[in-house]
Amino acid sequence: MATYKKRGYKPKNKQEEQQVEQIDSTTAEVFNTLDETASKSEQWIEKNSKPLFYALIGIVVIFLAYLGYNKYIVEPNETEASNELAFPRKYFDEAATAGSGVDSLLNLALEGADNKYGFLDIADTYSGTDAGNLANYYAGVSYLQLKQYDKAIAYLSKFNSDDEMLGPVALGAIGDAFADINQLEDALEYYEKAANKQNNEFSTPLFLYKAGQTAMLLKDYDKAEELFSKIKENYPKSDQGRNIDKFIAAAKYAN
């Protein structure tokens, strides 16, 4: 049983006296150790005070530089890039509804005109911005419509987005480009990536369907049946889901 030393306490016997002495000795050792540790810490801080001060100043300078870089370089650059994107977007949008002259409109969107940047210049000059990233997407889709498939794949591959629609559509467009040059294995890979990029009622069944059709062309009928069945199970009300049974049957009985 532990014996606690109170003020004015006198040991009742020799055993208690020894316990009290042992407690006093242990307490003294603890305080001596604490004093030594504190003394060493003070000596270390005193010895390294200048390096510590300079390190602190360095951290503050880096933090302020980061804030300044974002405020005076990144944010203005983003705004400028976004403003530049409006000019080629106009031609790109016109090409989507034009009955003729589509190629000319798309080339203006890509190359720019009247001392204004096109998608290619924006993607290059503002490569670190959101607008520069988006310019890669527009450039890739423009080249896809112009049937310049290698360039379409190159620019679409530079584009990166977690947007629910743009992310899958960009990957699906790469699949379309590969399909158009008859690289069906690559097309299937990108259609599946597009289907899995985001889960929604539009892009997912669309690219599952394109992947299934591509698998059929590759005579991978088990794969095609699997892809079509996913549409039936998960997206029966989608455009692709309404008639999916006949595609499942075609894949099943093609084996």
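Biologist: Buried means under 20% relative accessible area, exposed means over 50%, and partly exposed is in between, using a 1.4 Å probe and protein chains only. So, is Asn-200 buried or exposed?

Modeller: Asn-200 counts as buried, because its relative accessibility is 8%. Do keep in mind that this is a predicted model, where local features need pLDDT of at least 70, side-chain atom pairs count only at pLDDT 80 or more, and totals for chains, interfaces and linings use all residues. Residues are numbered from 1 along each chain as its sequence is written, and side-chain values use heavy atoms, with hydrogens and water left out.

Biologist: Got it. Where is Asn-200 in the fold?

Modeller: Asn-200 is in the loop between helix 8 and helix 9. Helices (H or I, at least four residues) and strands (E, at least two) are DSSP runs, numbered from the N terminus.

Biologist: And what does Asn-200 touch?

Modeller: Setting aside residues up to four places away in sequence, Asn-200 touches Glu-164, Met-165, Pro-205 and Tyr-235. Contact here means heavy atoms within 4.5 Å.

Biologist: Let's zoom out. How many helices and strands does the protein have?

Modeller: There are 11 helices and zero strands. Of the protein's 255 residues, 34% count as buried. Among contacts with a separation of 6 or more, 49% come from residues 24 or more positions apart.

Biologist: How many aromatic pairs are there?

Modeller: The count is 13 aromatic pairs. The rule covers rings of Phe, Tyr and Trp (its six-membered ring) with centres within 6.5 Å; planes under 30 degrees apart are stacked, over 60 edge-to-face, and the rest tilted.

Biologist: Why is the pair of Phe-92 and Phe-119 edge-to-face?

Modeller: Their ring centres are 6.0 Å apart and the planes sit at 75°, so that pair is edge-to-face. Phe-92 is in helix 2 (residues 49–97) and Phe-119 in helix 4 (residues 119–125), so the pair links distant parts of the chain, 27 residues apart. Phe-92 is buried at 13% relative accessible area, and Phe-119 is buried at 0%.

Biologist: Which residues form one aromatic cluster with those two, Phe-92 and Phe-119?

Modeller: Tyr-137, Tyr-138 and Phe-159 form one aromatic cluster with Phe-92 and Phe-119.

Biologist: What about Tyr-209 and Phe-228: what sort of pair do they form?

Modeller: Tyr-209 and Phe-228 make a tilted pair, 6.2 Å centre to centre with 50° between the planes. Tyr-209 lies in helix 9 (residues 203–217) and Phe-228 in helix 10 (residues 221–234), so the pair ties together parts 19 residues apart in sequence. Tyr-209 is partly exposed at 23% relative accessibility, while Phe-228 is buried at 1%.

Biologist: Staying with helix 10, which of its residues are buried?

Modeller: The buried ones are Tyr-221, Ala-224, Leu-227, Phe-228, Ser-229 and Ile-231. They pack against helix 8 (184–197), helix 9 and helix 11 (244–253).

Biologist: Which lysine lies over the face of Tyr-155?

Modeller: That's Lys-158, at 4.6 Å from the ring centre of Tyr-155. Lys-193 lies over the face of Tyr-190 too, at 4.5 Å from the ring centre. A charge sits over a ring if NZ of Lys or CZ of Arg is within 6 Å of the ring centre and within 35 degrees of the ring normal.

Biologist: Next topic, Asn-133. What is it in contact with?

Modeller: Leaving aside neighbours within four places in sequence, Asn-133 contacts Lys-158, Phe-159 and Asn-160. A polar atom of its side chain lies 2.7 Å from the backbone oxygen of Asn-160. Asn-133 itself is in helix 5 (residues 130–145).

Biologist: Last one: what is the phi of Asn-115?

Modeller: Asn-115 has a positive phi of about 60°, although it is not a glycine. Most residues other than glycine have a negative phi. Asn-115 is in the loop between helix 3 (102–111) and helix 4, and is exposed at 84% relative accessible area. Lys-219 has a positive phi near 60° as well; that residue is in the loop between helix 9 and helix 10 and is exposed at 60%.

Notes
A polar contact is a pair of N or O atoms within 3.5 Å; within protein, one must be able to donate a hydrogen and the other to accept it, and residues adjacent in sequence count only if both atoms are side-chain atoms.
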